[in-house]
Amino acid sequence: AGVSRVTTYAVIESLMKTGLMSTVQKGKKSLYVSESPERLVAHMQAKMDGMKATLKEIQSSLDELKLLQHGEKPVVKMFEGAEAVRMIGEDIAKIKPDMVYEFACVEATDSKLPEEIRNANREALISKNIKVTAVYASKNQDYTSSKNVALYLLPQDFHFEGDIAVYANKIALMCYSGAMLTVLIESAEMAQTLKEMFRAITSNGSVAKRK
C-alpha cells in the first residue's frame with residue numbers, strides 16, 4: 001500500500017475508536033476488517049448531529065459571549081497570600097490611575113501584612129505621584145494627611161480584618177484573616193459605583209478629614 005507500518009497502525013487505531021474497523025484474533029495474528037459502508041454513513045450522521053448540538057449551544061449563549069467580548073461582564077479573579085497584595089500595588093503603579101480609593105483598618109493591615117509589602121506599595125504610589133482618598137479605621141486618631149493622601153478617619157469603634165482598593169476599572173477586596181484572600185474584580189460599572197460611595201462618605205461629614 002506504500003504506507004509505513006507505524007502510520008498504518010495509527011490509522012487503524014483511529015478507525016477502531018470511531019467504530020469503522022474491528023479486529024479478531026486468529027492464532028497469534030490480529031486480523032483487521034473494515035465495517036460496512038452503512039456504518040460510515042451512521043458515523044458521519046452522528047458527527048453532524050453533534051455539530052448541530054454544539055451550534056445550538058453557541059447560539060443560546062450568544063448574548064453572554066457578546067458581553068464577555070465587550071468587557072461588560074465583570075472579570076473576577078481570586079488570589080491567596082500576601083504576595084497578591086504586592087501584585088495589586090504593582091498593578092496600580094503600572095496603570096497610574098488619577099485616584100485610588102482605599103477603605104482599610106490600619107491595625108489589621110499593620111499586623112497581618114508584611115512591612116516590606118506595605119512599604120513597597122506606599123513607595124510605588126509616591127514615586128508615581130498617584131493620589132489616594134483613604135478612609136481608615138484606627139485607634140490612633142493622630143494620623144495626618146500626606147502629600148498624596150487625603151485621609152479620613154472613622155470613629156474609634158470601627159474595626160475589621162480587610163481592605164478595599166478601587167482604581168481605574170478595578171476593585172480589590174482583601175481579607176487579612178485566615179489564608180489572606182484577595183479578590184480582584186474588573187468592572188467599570190462596579191468600580192464607578194464604589195467611587196461614588198467614597199464620594200458620598202467623604203462629603204457628608206460622617207468621617208473626619210485629617211489635614
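Q: Which residue in E2 is the bridge partner of Thr23?
A: The partner of Thr23 is Tyr32. The model is predicted: local features need pLDDT of at least 70, side-chain atom pairs count only at pLDDT 80 or more, and totals for chains, interfaces and linings use all residues. Residues are numbered from 1 along each chain as its sequence is written, and side-chain values use heavy atoms, without hydrogens and water.

Q: What makes E1 and E2 a pair of strands?
A: Strands (E, at least two residues) and helices (H or I, at least four) are DSSP runs numbered from the N terminus, and two strands pair if DSSP finds at least two bridges between them. Six bridges join E1 (residues 21-26) to E2 (residues 29-34), so the antiparallel strands meet the definition. They form a hairpin with two residues between them, and Gly27 in the turn has a positive phi of about 65°.

Q: Why is Asp91 called buried?
A: Buried means under 20% relative accessible area, exposed over 50%, and partly exposed in between (1.4 Å probe, protein chains only). Asp91 has 15%, and is therefore buried. This residue lies in helix H4 (residues 83-95).

Q: Which residues is Asp91 in contact with, leaving aside its neighbours within four places in sequence?
A: They are Tyr167 and Lys170, where contact means heavy atoms within 4.5 Å.

Q: Which residues touch the most other members of the largest nonpolar core?
A: Of its 24 residues, these are Ile92, Val100, Leu113 and Tyr136. Such a core is a set of buried Ala, Val, Leu, Ile, Met, Phe, Trp, Tyr and Cys residues joined through side-chain atoms within 4.5 Å.
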